[in-house]
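Open the model in your viewer and keep the selection tool at hand. We will go from the whole chain to single residues.

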Amino acid sequence: MSATLAVGYLGYQAVTGLMNAALSAGLVGEPGTLLVTECRSGSGRRSLRTCTGVFTYASTGDRVMVKAFSWAESSAVYPAQINAGGDRANLRGVLGVAASLPFFWFLLALCSGGLWIWYLDELVGRVAGRVCLVAAAGFLVGLFAMAVS
């Protein structure tokens, strides 16, 4: 049961990461700048860090309060992209895309590694092994992008 929950959680995070990557790439939403006003960590062992900020639209100059990406620094200004709902902004550009995808790459590595172990046919094993290595590299790139931004 716990393995199913873990894969479900990773799947949810992977889909969310793909949506954030589309936002960072500029495929959806509108560009502008994000001034991070506050970042808080919850209390408890499994608390998550949440950040909020003020997004300024590049086209109109209008400002709106939004949820910011969790690795932002307080009082920093970032180039950002806001989603269509106008409630969440993400770092715009290549760094934002890379930082959005660690869970996607981790899930891909987990699934392809599991396939590799489960079905060790020569061709499938080689393909799954290569996919697993590429996914692991993508996961590390995403973690590095989160640390740098």
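How much accessible surface does the protein chain have, and what share of it belongs to carbon and sulfur atoms? About 9100 Å², with 67% belonging to carbon and sulfur atoms. Such areas come from the Shrake-Rupley method with a 1.4 Å probe; for residues, only the protein chains shown count as cover.

Before selecting anything, note that this is a predicted model, where local features need pLDDT of at least 70, side-chain atom pairs count only at pLDDT 80 or more, and totals for chains, interfaces and linings use all residues. Residues are numbered from 1 along each chain as its sequence is written, and side-chain values use heavy atoms, leaving out hydrogens and water.

**Whole chain.** Switch to a cartoon view. You will find 4 helices and 5 strands. Along the sequence they run α-β-β-β-β-β-α-α-α. Helices (H or I, at least four residues) and strands (E, at least two) are DSSP runs, numbered from the N terminus. Of the 149 residues, 36% are buried. Buried means under 20% relative accessible area, with a 1.4 Å probe and protein chains only.

Contact here means heavy atoms within 4.5 Å. Among contacts between residues at least 6 apart in sequence, 54% join residues at least 24 apart.

**The core.** Select L34, V36, F55, F69 and Y78. These have the most contacts inside the largest nonpolar core, which has 18 residues. Strands β1 (30-41), β2 (49-57), β3 (63-68), β4 (77-82) and β5 each supply at least two residues of this core. A nonpolar core is a set of buried Ala, Val, Leu, Ile, Met, Phe, Trp, Tyr and Cys residues joined through side-chain atoms within 4.5 Å.

Now zoom in on Y78. Beyond four places in sequence, Y78 touches G32, T33, L34, V36, F69, A72, E73 and L91.

**Helix α1.** Move to L23, in helix α1 (residues 2-24). Is L23 buried or exposed? L23 is buried, with a relative accessible area of 1%. Next, pick I82. The C-alpha atoms of L23 and I82 are 7.3 Å apart, although 59 residues separate them along the chain.

**Strand β5.** Last stop: N90, in strand β5 (residues 89-91). N90 is buried too, at 4% relative accessible area. Setting aside residues up to four places away in sequence, its contacts include L23, F69 and W71. N20 is another of them.

Key. Buried < 20%, exposed > 50% of the residue type's maximum accessible area, 1.4 Å probe, protein only.
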